[in-house]
Amino acid sequence: MNVKGKHYLTIWMKNEKVMMIDQNQLPFRFEIFESKNYAETCLAIKTMIVRGAGAIGAAAGFAMAQAFIQAKENILFAENARKEIETSRPTARNLFYATKRVFDAGCISTEKAIEEAQKIAEEDIASGKMIGIHGNSLIKDNTNILTHCNAGWLGFVDYGSALSPIYTASKEGKNIFVYADETRPRGQGARLTAWELNNENIPHIIIPDNAGAYLASKGKIDTMICGADRIAANGDTANKIGTFEKAIVAKTFGIPFYIAAPLSTFDINCCSGEDIIIEERTEDEILYQTGLDENNELRKILVCSPGSKAYNPAFDVTPASYINGFITEKGIIPANETAIKNILS
Ligand code: MRU
């Protein structure tokens, strides 16, 4: 990750504290949020100071490790903390993967819990790097790529999933152009993906979420790459709301549609997308927007008809039949049950 030329991670543990780039302040302010205990880390996940599948997983692992430090061998305390962490964001598979691993390690010793949480974060970095290497093979010189939400280094500990192949291709000197969906309501594309691409010097433009079909119809998009929050055993994929619409557009116009995700995002206990719990977030994310005012102050303003209610599902499920392949750290596989079972075995 490259922030104004300096290397950072999205999240890391320093003694008993968890340090994370405060994503709610981006792209306007670059601040590191310090969480002193598991409850603060849990709140950071809920309020999206830290967000994105891999980063949520790392945060959940670190939160679980903090809980063991606080528990001082009181297992009931750690069990209750685990329950609290697991209700912070329901759709992200990585969160549950991390709490289980760190909880099991913590039952042996607190040191093991900390080690396991660090290991999860390191694995996330390594898989993001490999996703970049494998995904790069799909990107020719002079390619226009559409991506939705933020599946870059901010969504992981480093490298990212959907953006990692773009970074690798760009480092190899390929000419790439990125269409970044703004991703209403929270604007992860407009605020975070665009900010990352600026830091990486990658040519890009922010587009409204509803511009994809128009651009595709004009032959402006060569491929689409998105991330995932949970992938069911049959390949159905939950990702940021609006991803399914992109996949429909891609299929309509014969554009390859790929999902980039580490194996930690696959959930063989979910048979299909029907089993994936979709998080519903507060209507305030739709009704209000936050940005810089003329005095450079962050302000929250109402942008909808006063008194109207809003409905805010945070994710949708793209059926496997719309997905050309999964870009994983172990290679690119077709979106079907057999290929998923083989790669996970
Ligand atoms: O609600 P968010 O910002 O956590 O949602 C993030 C996404 O949907 C990403 O596309 C996803 O996590 C894939 S990889 C970071």
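Which residue lies over the face of Phe103? In this predicted model, Arg82 takes that position, at 5.0 Å from the ring centre. A second case of this kind involves Lys240, which lies over the face of Phe315 at 4.4 Å from the ring centre.

Phe103 also takes part in an aromatic pair, with Phe68 as its partner. A search of the whole structure finds eight aromatic pairs. A pair of aromatic rings is described by the distance of the centres and the angle of the planes. Two of the pairs are set out here.

| Pair | Centre to centre | Angle between planes | Arrangement |
|---|---|---|---|
| Phe68 and Phe103 | 5.7 Å | 50 degrees | tilted |
| Phe177 and Tyr179 | 5.2 Å | 70 degrees | edge-to-face |

The planes of Phe68 and Phe103 stand at 50 degrees, so this pair counts as tilted; edge-to-face would need an angle over 60 degrees. Phe68 belongs to helix α2 (residues 53–71) and Phe103 to helix α4 (residues 93–106), so their pairing ties together parts that are 35 residues apart in sequence. Phe68 and Phe103 are both buried.

In the edge-to-face pair of Phe177 and Tyr179, the two partners fall into separate accessibility classes. Phe177 has 24% relative accessibility and therefore counts as partly exposed. Tyr179, at 10% relative accessibility, counts as buried, because the buried class covers values under 20%.

Aromatic residues also gather in a group: Tyr8, Phe30, Trp153 and Trp195 form one aromatic cluster.

Methods. Residues are numbered from 1 along each chain as its sequence is written. This is a predicted model: local features need pLDDT of at least 70, side-chain atom pairs count only at pLDDT 80 or more; totals for chains, interfaces and linings use all residues. Side-chain values use heavy atoms; hydrogens and water are left out. Rings of Phe, Tyr and Trp (its six-membered ring) pair if their centres lie within 6.5 Å; planes under 30 degrees apart count as stacked, over 60 as edge-to-face and the rest as tilted. Helices (H or I, at least four residues) and strands (E, at least two) are DSSP runs, numbered from the N terminus. Buried means under 20% relative accessible area, exposed over 50%, partly exposed in between (1.4 Å probe, protein chains only). A charge sits over a ring if NZ of Lys or CZ of Arg is within 6 Å of the ring centre and within 35 degrees of the ring normal.
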